Amino acid sequence: MGNCLGEKRLVIITGLSGAGKSEAIRSFEDLGYFCVDNLPPVLIVKFVELFCHSDGRFAGVAIVCDIRGGQFFDDLFVAFQELEALGYKYNILFLEASDEVLIRRFKETRRRHPLGPERGIAESISEERRRLGELRGRADRIIDTSSLTVAELKKQITAYLEKTETDRLTVTCMSFGFANGIPLDADLVIDVRFLPNPFYVESLKNLTGNDKEVDEYIFKWPIAQRFMDKLLDFVGFLTPQYVSEGKTHLTIAIGCTGGRHRSVAMANRLAEYVRSQGYKTVLEHRDI
């Protein structure tokens, strides 16, 4: 049959219940995608063929498939095989959030979890994570929506869709504070809490790693300079390996205690290095 999608993208949106898939599909609609929510996997190929016979005014295809499909959801990997056999390229966008956030969202909306009511919300979330583990591993982009607003989610989706086939790898360099939890969508987590902390210097306490004074304080210590050299060498070795493996997005999260000083300065320098290597780079300071 061949790939009648041409340059247009087919995105399978999936992930945990309550993680924001409804908001995501609305973002895709706003961006001109031909969308359908909760489509049984056995109909994916038919839906793509329908799109191929449309008037061509859509930017691409976005399909939400999740645990709501019940027993039909188990056919999703079969659908992937059919798409590949027919020459259709596809991307998988996986949305997730922390257990605490998901539980709060279900309680606030008074919605029932799709795996209920025979089990509690926490147990249902745990079981859903287990069932989606393999699918999460196949995703080319994972977004943790725990601390995102609807506007921020749309911004991340827009950036995700801006990638083209010629983009080798997009690297997100993120700073965070361990006090606020480890980012769920991080591929690599680097702990820099062993470095001297500017928080305990009165003149630096209320500044951030974006300020020159804080950056100079951190990197005046030989241990910080040695660590950064080793980190850049490590990342420089890893990124080509990920490109060869076909990975399209890498998130490196650097954490200190509060996420305002050491991790910010380190993430800034890491992003500068990654960008200099020719990779599309996103710099994000989660807790600043």
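Biologist: Which residue stands opposite Ile-252 in strand 8?
Modeller: That's Leu-188. This is a predicted model, where local features need pLDDT of at least 70, side-chain atom pairs count only at pLDDT 80 or more, and totals for chains, interfaces and linings use all residues. Residues are numbered from 1 along each chain as its sequence is written, and side-chain values use heavy atoms, with hydrogens and water left out.

Biologist: How many bridges join strand 7 to strand 8?
Modeller: Strand 7 (residues 188-191) runs parallel to strand 8, with 4 bridges. Strands here are DSSP runs of E, at least two residues, and helices are runs of H or I, at least four, numbered from the N terminus. Two strands pair if DSSP finds at least two bridges between them.

Biologist: And what about strand 6 and strand 8, parallel or antiparallel?
Modeller: Parallel, over 8 bridges, with strand 6 covering residues 170-177. Thr-170 has His-249 as its bridge partner.

Biologist: Is strand 8 buried or exposed?
Modeller: Buried, meaning under 20% relative accessible area with a 1.4 Å probe, protein chains only. That goes for 8 of its 8 residues (249-256), so strand 8 is largely enclosed by the rest of the structure. Both faces are covered, with His-249 among the residues on one side and Leu-250 among those on the other.

How values were computed
Buried means under 20% relative accessible area, exposed over 50%, partly exposed in between (1.4 Å probe, protein chains only).
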